[in-house]
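Hello,

Here is the structure I promised to pass on to you. Please open it first, and then read my notes beside it.

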Amino acid sequence: MTTQPDTATSGAVAPSAGPNQSPSAGKQTGFAATDVLVNEFDGGPDTVQRALSTPEELQPHTELGLKDDEYDRIRQILGRRPTASELAMYSIMWSEHCSYKSSKVHLRQFGEKTPQGTRMLAGIGENAGVVQISDEVAVAFKVESHNHPSFVEPYQGAATGVGGIVRDILAMGARPIAVMDPLRFGAADHPDTARVLPGIVAGIGGYGNCLGLPNIGGEIVFDPTYQGNPLVNALSIGVLPVERLQHKEAAGVGNIVVLLGARTGRDGIGGVSVLASATFDEGAEQRRPSVQVGDPFMEKLLIESCLELYDAGLVAGIQDLGGAGLTCALTETAAAAGAGMRVWLERVPLREASMSPTEILASESQERMLLIVTPENLEAVLGVAEKWGVWATAIGEVTPAGEDGSPGRLLITWNDHVVVDVPPGSLADDGPVYARPIREPADLILIQADKAETLPRPATGDELRATVLRMIASPNLCDKSWVTEQYDRYVLGNTVLAQPEDSGVLRIDERSGAGVALSVDGNGRMARLDPYEGSRFALAEAYRNVAVTGADPIAVTNCLNFGSPEDPAVMWQFAEAVRALADGCLELGTPMTGGNVSFYNQTGAAAIHPTPVVGVLGVFDDVARRIPMGFPAVTGEGDRLFLLGDTEVELSGSEWAWVTHGHLGGRPPKVDLGHEQRLAQMMARASHAGHVSAAHDLSDGGLSQVLVESCLRRNVGAKVALPDDGKSAFVHLFSESTGRVLIAVPRGHDKAFVALAAEYGITCTPLGSTTAEPVLEVRDQFSLPLDEAREAFEGTLPRLFGGAAELANRHGDPEHAADPTAPASPDRGNQVLIAAAAGAAMESAAPIEADGIPAASVAEVKEPVPDEDA
Amino acid sequence: MRIGVVTFPGSLDDGDAARAARIAGADVVRLWHGDPDLHGVDAVVLPGGFSYGDALRCGAIARFAPVMETIIDAARGGLPVLGICNGFQILCEAHLLPGALTRNQHLHFRNRDQFLRVESTGTAWTNSFTAGQEILIPVKNGEGCYVADERTLDQLEAEGRVVARYIRGNPNGSQRDIAAITNEAGNVVGIMPHPEHAVEALTGPSLDGLGFFTSVLRALAGASAGANAGGHQS
């Protein structure tokens with residue numbers, strides 16, 4: 001038997017003690033068994049001893065989401081029936097959420113196919129990918145989904161999504177330095193969008209702003225496919241000295257297991273885990289809302305204390321507590337080390353003293369980290385926690401592996417009752433793996449045959465002009481300031497580019513100017529038309545968005561949002577997407593550093609469009625050479641404008657087809673990753689040489705959209721002539737062919753730039769030049785004053801979500817201020833509307849049982865991608 | 001010259017304020033909320049952020065931090081103090097400045113590049129500007145709507161204590177477009193927008209924020225020259 005470490009509890013002692021936390025310093029935080037009423041089974045905790053003596057007791061494994069054969073396997077592993085706590089732990093760790101049982105067989109390709117490179121310090125299977133960017137410095141980055149919680153409770157769901165991904169970054173030893181949020185909503189004018197969008201945006205802002213992390217980019221996409229299934233993905237990036245890289249292994253027998261951060265409460269129990277679908281007791285009144293509640297202030301203190309602990313070399317191992325809470329953290333740290341662990345559960349500081357051992361193990365309370373520290377460092381660790389006013393409690397210790405070489409055991413007691421005694425690897429690594437049936441959707445062939453290239457098109461200059469105005473005012477193409485102004489993009493003082501730029505660019509080293517560029521992109525419509533090509537499309541776009549800033553793209557991550565894996569059509573889409581991304585990374589020579597899978601994004605039988613979101617990281621030796629998207633102010637002659645890449649008649653899946661015809665059909669534009677790679681190399685060269693004053697990637701909305709955006713950014717006009725190559729002006733303006741960039745080149749650099757493009761074999765078409773006069777003129781077609789374009793571009797979201805009157809006042813336009821469609825007190829008025837809409841929407845849009853999976857447990861898979869060799 | 005930058009739990013722009021002061025040419029001393037010692041600094045910046053998680057009210061708890069007790073006394077004795085955003089809120093809670101910062105009228109956090117007009121150049125923190133100068137610095141707050149009773153507002157106006165006003169749009173509904181005010185002596189300034197985010201061409205919309213930090217260095221240089229001329233040890 002091992003020795004029990006001294007119970008050590010560090011109370012918060014900030015001068016302070018704000019209402020967020022007022023523990024009494026030094027007080028024993030456990031509670032005595034006599035304080036507690038335990039309702040599990042007949043009056044006492046279900047112990048191993050009890051399990052041995054009541055082998056045939058019926059257990060609610062089905063209600064917990066475990067299949068009969070899975071339950072039998074647990075009995076086989078343990079040689080007895082599991083205790084109630086063990087059963088809960090297996091149900092959590094073997095859920096889709098944690099075990100990746102449906103996706104594992106496909107995700108292996110990322111490890112097998114994609115190049116690992118020399119830069120990657122941590123990859124798939126870790127809390128976040130870590131990539132070395134210089135001899136001394138590495139960055140950690142990852143994107144994760146928080147879709148289902150954000151639908152149920154938009155503010156807290158989105159807020160804790162940010163909190164979770166930031167802790168993943170922190171767990172790698174990195175200081176988080178920025179966040180990005182790819183968001184997808186139902187139709188912009190749907191009442192339920194008015195319910196979820198403002199809350200999600202406020203939650204992301206509320207949490208990220210309060211943490212002091214700049215929000216530097218993301219996406220805001222509207223499409224009816226996401227009605228009832230909004231996608232809230234969150235990316236975070238952090239920076240660390242190479243030698244500060246942390247590991248999750250609970251190494252070192254005798255080392256102490258310390259729980260750091262917030263106290264554990266009932267919040268989040270049954271949030272994303274399957275535990276929600278079954279209750280052990282009749283105490284339904286004890287249940288709290290299943291979405292976790294975030295406290296960004298606690299997370300800020302947690303970040304500062306962890307970083308201080310890392311720098312002092314006090315941490316032997318660390319793991320964040322996210323979905324699946326202590327269960328996941330204890331089993332993964334122990335399993336990773338092949339060690340055992342002895343945990344005294346009654347020592348866990350609680351918000352509610354009546355929590356049962358099972359609840360403590362399953363709680364998903366936020367802002368917690370699990371540390372492994374050596375006994376001699378324990379005092380110092382508690383001291384740092386005390387300085388920052390954060391709870392730190394020794395709850396257990398690392399125990400040896402078996403003398404016969406077998407892995408150690410995870411032994412958990414609660415007031416001297418042994419409630420868990422399992423091999424940790426059986427939970428963390430040995431979960432079931434399914435090769436689910438896959439089948440191409442039956443309707444795909446019909447959809448692909450229904451091409452957008454045959455739709456009626458605008459022809460005259462006036463029609464094109466009207467189409468441009470309609471397109472730039474459409475929800476997906478319009479100005480997103482209504483959202484992004486709610487995010488702090490300045491904090492930390494290193495933001496070089498942020499939204500609406502193609503990439504977020506951050507300075508990392510103030511002396512050398514070294515930095516990174518990051519972009520996240522997805523296109524559900526293209527993936528619906530062809531999941532393989534659509535996934536390559538997203539990869540190409542993210543890669544290009546990084547490249548146009550002049551950065552060198554070096555690493556990829558992903559967040560795969562799909563419907564139910566039990567639907568063979570969805571599983572086929574998933575398999576195609578993974579294959580495409582693995583092939584794409586191989587072709588580009590960039591490693592896939594991590595990822596996240598979110599299944600069950602569907603209402604009833606209707607799955608969302610397959611939505612793989614791809615993040616690409618690029619590096620700069622000096623961010624001073626970054627290329628922005630906006631045309632620079634014109635003094636004298638304007639800059640020359642060029643289009644890089646080739647325009648084909650590719651309109652299927654385009655924003656034009658959707659906005660003007662509500663059409664989705666045909667095949668996505670072709671993707672040539674070799675071309676994208678040459679384009680990236682060329683842009684880096686051009687940036688070094690100072691040949692480019694502005695560059696903007698062509699994507700949704702085509703050339704029309706980037707011309708308007710690049711003009712509006714600094715209110716600089718442009719005179720362009722579309723190429724006379726037999727393709728219509730319409731095709732040039734609205735085709736969404738890939739591999740294209742709009743470029744502004746200062747006078748004197750144009751010859752060199754054109755030569756550079758030729759060197760890389762990239763078509764470079766002169767378009768015209770920028771002008772001081774604030775007008776976008778397309779020769780022989782139309783002329784569009786920028787004020788008129790701006791009004792169309794900026795008005796849409798305020799009209800939908802409040803603030804139109806204020807915008808009109810800013811523009812000095814009293815007529816619009818009095819617009820009867822804009823509430824007189826816009827935001828307050830809108831709050832009422834939103835509240836009213838929310839009631840109705842909750843009834844109509846709540847998820848229905850999908851294939852026998854209760855709505856409450858429609859599992860959000862948001863754990864690290866498991867080791868491919870698991 | 002030594003400028004102290006205070007870190008409270010939940011301070012976020014403390015590093016940025018320190019960088020700005022350094023760029024302006026100051027020696028920066030980081031001050032800790034729990035330490036009442038000001039370590040001999042010549043001026044203090046209370047940075048932006050969410051001290052103590054904005055519990056109770058923004059700035060309500062920070063105002064009682066040990067370091068603030070010393071700062072409040074020193075400010076009454078003439079120590080230049082600049083409160084930015086959360087720092088402005090703390091100065092109001094500490095009654096070093098009148099009025100209060102409340103929830104933005106539109107109820108949203110708002111971050112945008114904001115034009116201001118410098119109304120008073122008589123303070124320790126704005127003497128490098130010219131009266132009426134228009135500057136561009138970022139604003140980013142959720143509770144930046146300045147309110148005070150009419151008499152206080154009239155008094156601020158009459159005494160030239162409105163330091164800067166929002167122009168070309170009021171981002172938060174502040175009364176009389178007030179973005180920054182000062183105390184009677186002109187050594188304590190509270191400003192809602194963030195001058196520390198407009199000190200480098202690479203990361204800011206302008207370099208206009210630098211003026212606040214060069215101003216205090218100039219004020220301190222003038223004060224120490226005056227003190228030396230008077231034969232006092234500084």
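Let me start with one residue: A:Arg713 is partly exposed, with a relative accessible area of 35%. Here buried means under 20% relative accessible area, exposed over 50%, and partly exposed in between (1.4 Å probe, protein chains only). The side chain of A:Arg713 meets that of A:Glu501 in a salt bridge, 2.9 Å from N to O. That term stands for a side-chain nitrogen of Lys or Arg within 4 Å of a carboxyl oxygen of Asp or Glu. A:Arg713 lies in helix H22 (residues 702-713) of chain A and A:Glu501 in the loop between E15 and E16 of chain A, so the pair ties together parts that are 212 residues apart in sequence. Helices (H or I, at least four residues) and strands (E, at least two) are DSSP runs, numbered from the N terminus. A:Glu501 counts as buried, at 9% relative accessibility.

Before you go further, please keep in mind that this is a predicted model, in which local features need pLDDT of at least 70 and side-chain atom pairs count only at pLDDT 80 or more, while totals for chains, interfaces and linings use all residues. Residues are numbered from 1 along each chain as its sequence is written, chains are lettered from A and ligands numbered from 1 in the order in which they are written, and side-chain values use heavy atoms, with hydrogens and water left out.

Chain A as a whole

Chain A has 28 helices and 29 strands. Of its 870 residues, 67% count as buried. Among the contacts in chain A with a separation of 6 or more, 85% are between residues 24 or more positions apart; contact means heavy atoms within 4.5 Å. The loop between E15 and strand E16 (504-507) of chain A also holds A:Pro500. The peptide bond from A:Gln499 to A:Pro500 is cis, with omega near 5 degrees.

Where chains A and B meet

How many residues does each chain bring to the contact? Chain A gives 37 residues and chain B gives 35 residues. The size of an interface is often given as the accessible area lost when the parts come together. For chain A and chain B the buried area is about 3,100 Å², and carbon and sulfur atoms give 56% of this. Buried area is the accessible area (1.4 Å probe) that two parts lose on being put together, summed over both.

The rule finds 6 salt bridges across this interface. In one that joins the two chains, the side chains of A:Glu510 and B:Arg19 meet at 2.9 Å, N to O. B:Arg19 also forms a salt bridge with B:Asp16, where the closest N and O atoms are 3.0 Å apart. These two residues of chain B, B:Arg19 and B:Asp16, are 3 residues apart in helix H1, so about one helical turn separates them. Both B:Arg19 and B:Asp16 are buried.

B:Asn111 is another residue to look up, in strand E6 (residues 110-118) of chain B. Is B:Asn111 buried or exposed? B:Asn111 is buried, with a relative accessible area of 0%. A polar atom of its side chain lies 2.9 Å from the backbone oxygen of A:Tyr487. Leaving aside neighbours within four places in sequence, B:Asn111 is in contact with several residues, including A:Glu485, A:Asp488, A:Arg489 and B:Val139.

More to find in chain B

The side chains of B:Asp14 and B:Arg30 meet in a salt bridge of 3.3 Å, N to O. This pair links distant parts of the chain, with B:Asp14 in helix H1 and B:Arg30 in strand E2 (residues 27-32), 16 residues apart. B:Asp14 is buried at 10% relative accessible area, whereas B:Arg30 is partly exposed at 45%.

B:Cys85 sits in the loop between strand E4 (81-84) and helix H3 (86-93) of chain B, and it counts as buried at 8% relative accessibility. B:Arg168 is in the loop between strand E9 (162-167) and strand E10 (178-182) of chain B, and it counts as exposed at 55%.

Enjoy looking around!

Terms used: Polar contact = N/O pair within 3.5 Å; in protein donor to acceptor, adjacent residues only side chain to side chain.
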